[in-house]
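Hi,

Here is the structure I promised to pass on. Have a look at it first, and my notes follow below.

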Amino acid sequence: MTTTRLTVAQALVRFLSAQYTERDGVRRRLIGATWGIFGHGNVAGIGQALVEYGDVMPYHQGRNEQAMVHAAVGYARQSNRLSTHAVTTSIGPGATNLVTGAALATINHLPVLLLPGDVFAARPADPVLQQLEVPYAGDVSVNDCLRPVSRYFDRVTRPEALIPAALAAMRVLTDPVETGAVTLALPQDVQAEAYDWPDDFFTDRTWVIRRPGADPTELAEAVTAIRAARRPLIVAGGGVHHSRAEEALAEFAETTGIPVAATQAGKGSLAYDHPQDVGGIGHTGTATADELARTADLVIGVGTRWTDFTTASNTLFAAPGVRFLNLNITPFDGHKMAGLPLVADARSGLTELTDALRLHGHRVPDAYADEYTEDKERWEQRVDACYEADEPDVRRPTQPQVLGALDALVDETDIIINAAGSLPGDLHKLWRTRSRDQYHLEYGYSCMGYEIPAAIGVKLAVPDRPVWALVGDGTYLMMPTEIVTAVQEGIAIKILLVQNHGYASIGGLSESVGGERFGTAYRFPADDGGYTGAPLPVDLAANAASLGMRVLRARTVRDLRAALAEARAADTPTCVYVETETADTVSGAPPAQAWWDVPVAETATRPSAVKARELYERHVSTRRRHL
């Protein structure tokens, strides 16, 4: 067996450059690039290796370790989980900064490879710089905080241990059931240590992404349940997109006439104008979808995890005897809601269901189809009313009017990215998705600061498409750092920065649960100690410009329309800044169409909290366990 003498870090970079995925006959590179910020824990190891093998491993320079993970995740999602990026950091704060990004990746079932440096394996001095001393264990470092948020974790303390660790890491990254954040912690001395590696370790390796079909018994039970239902409803989750099952879902819905609602991750599974699409579901959903959910006798989940926003904290599906059918590649999710499991790839399972039901000529009653079609038309009229702007030359836009101006401009090539604040609720209810991948909402972790770095990752995956990061002022202040990266590398993302002077979403929630918007506004303190004074004189547009971005300021609705059009045509990173109509902003969108459980103080003297508790108890009384 021939060998090549390389350092551990060099061998890892060589290995990663030779890994590929294949699905449906299409082969692509698994690790498309490596993001890195260097310190003493990785500069002489992974850092040197990236210089040594820069011809086979592209490199991107980040400014914040968490943001690098977000960029990698954005790239992975846009690549349908078939390709991702690696992220390397030093030991210490660089490594612990990865935790939030790792949690986001794992919760959303999106692959990302984390390569943090670690303390010396040989322990030449004890403690070394940035070492966490644990009196009861000598083998714990700060990287162990990545264990609970990683789908696979290993610490490579000897060179030869890299071989099984690297192979296991690739297995998890490419497994549609297990994928998420994968961490290989690399002690800084081991990274630089040389070893004679078998050349077979560096040969091209292709990981085939499976499309398992349904078990015949489960499929038969699913067909029986669908044929018996009079008011079935499909709930499309993120698994539809991951599987590229959008066309299969459309065929299933068209064949049966069953309406399709979507979670945040699943929105866009059908285009907004598809006859069976009824919009978002749950706490941030449309009235059409939520009313159908309340009366559904069979709910068919496709690739959804059934989070509390989707189920309205188990108060939404209210029909007596309602049953659930869960088509999911993950058995854990297939058994949720005490449902009938149909464990299969989303596209394979939908195709099998369509074929079986077509044999029976099954279709929902015409009256049911007429009902949801008319309800959808009424909801679209409400959307039109929210988007319409009076006095466009004079007034500042409301947040829905901001979305309406963008909606009127984009086509199916544009991609909209958002994650947190009041925008996800407005987008889920109002946005008219035109293509399968236009709507990029990270709502599994709803992580403030995700949008800008994720937009960079998405743009790297699809460089010829317009990519928009929609952010409020609260989210912007969390992580504007990667604007510098976009400027440095000429990545022409577009940022739509909405200034509403605070945490608008949490402010509204605080008011509804008796918290009186305490601590949610970006204002000066008043005499009573609350933050109810004048808005802060913070100029976020100037901040973005100071980081090198071109900034267009919009004061009125008409200004906004012109600025968005100019930004869309730009071939450099461009930000559109707009201040919305009200300082204490309520978005102006239709109110929540379903409940969400946020516990309210059980005892209080302030009237707002007492009233909120009474309302809370009424909602809690409608919660049910689906058995």
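**What I found**

Let me start with helix α18, where the buried residues are Glu451, Ile452, Pro453, Ala454, Ala455, Ile456, Gly457, Val458 and Lys459. Buried here means under 20% relative accessible area, exposed means over 50%, and partly exposed is in between (1.4 Å probe, protein chains only). That makes nine of the 11 residues of α18 (residues 451-461), so this helix is largely enclosed by the rest of the structure.

Before going on, a word on the model: it is a predicted one, in which local features need pLDDT of at least 70 and side-chain atom pairs count only at pLDDT 80 or more, while totals for chains, interfaces and linings use all residues. Residues are numbered from 1 along each chain as its sequence is written, and side-chain values use heavy atoms, with hydrogens and water left out.

Now the overall picture. The chain has 24 helices and 23 strands; these are DSSP runs numbered from the N terminus, with helices being H or I of at least four residues and strands E of at least two. Its radius of gyration is 25 Å, close to the 25 Å that the globule rule gives for 627 residues, so the chain is as compact as a globular protein of that length. (That radius is taken over C-alpha atoms, and the rule is 2.2 Å times the number of residues to the power 0.38.) Along the principal axes, the C-alpha atoms fill a box of roughly 70 × 70 × 55 Å. Of the 627 residues, 59% count as buried. Taking contacts (heavy atoms within 4.5 Å) between residues at least 6 apart in sequence, 77% join residues at least 24 apart.

Another helix to look at is α6 (residues 162-173). Its 12 residues reach 16 Å from first C-alpha to last, close to the 16 Å expected at 1.5 Å a residue, where the expected span is 1.5 Å times one less than the number of residues. Buried residues in α6 include Leu162, Ala165, Ala166, Ala169 and Leu173.

Val87 sits in strand β6 (residues 84-89) and counts as buried, at 0% relative accessibility. Leaving out residues up to four places away in sequence, Val87 touches Trp35, Met68, Val69, Ala72, Leu98, Val112, Leu113, Leu114 and Leu115. Of these, Val69 is 18 residues away in sequence and 6.5 Å away in space, C-alpha to C-alpha. Thr106, in helix α5 (residues 99-107), is buried too, at 16% relative accessibility. Beyond its neighbours within four places in sequence, Thr106 is in contact with Val149, Ser150, Arg151, Gly180 and Ala181.

Most residues other than glycine have a negative phi, and most peptide bonds are trans. Asp126 and Pro127, however, are joined by a cis peptide bond, with omega about 5°; Pro127 is in the loop between β7 (112-118) and β8 (152-155). Met337 has a positive phi, near 60°, in the loop between α13 (331-334) and β17 (340-343). Is Met337 buried or exposed? Met337 is buried, with a relative accessible area of 14%. Glu516 also has a positive phi, near 55°, and lies in the loop between α21 (504-512) and α22 (540-546). At 37% relative accessibility, Glu516 counts as partly exposed.

Cheers
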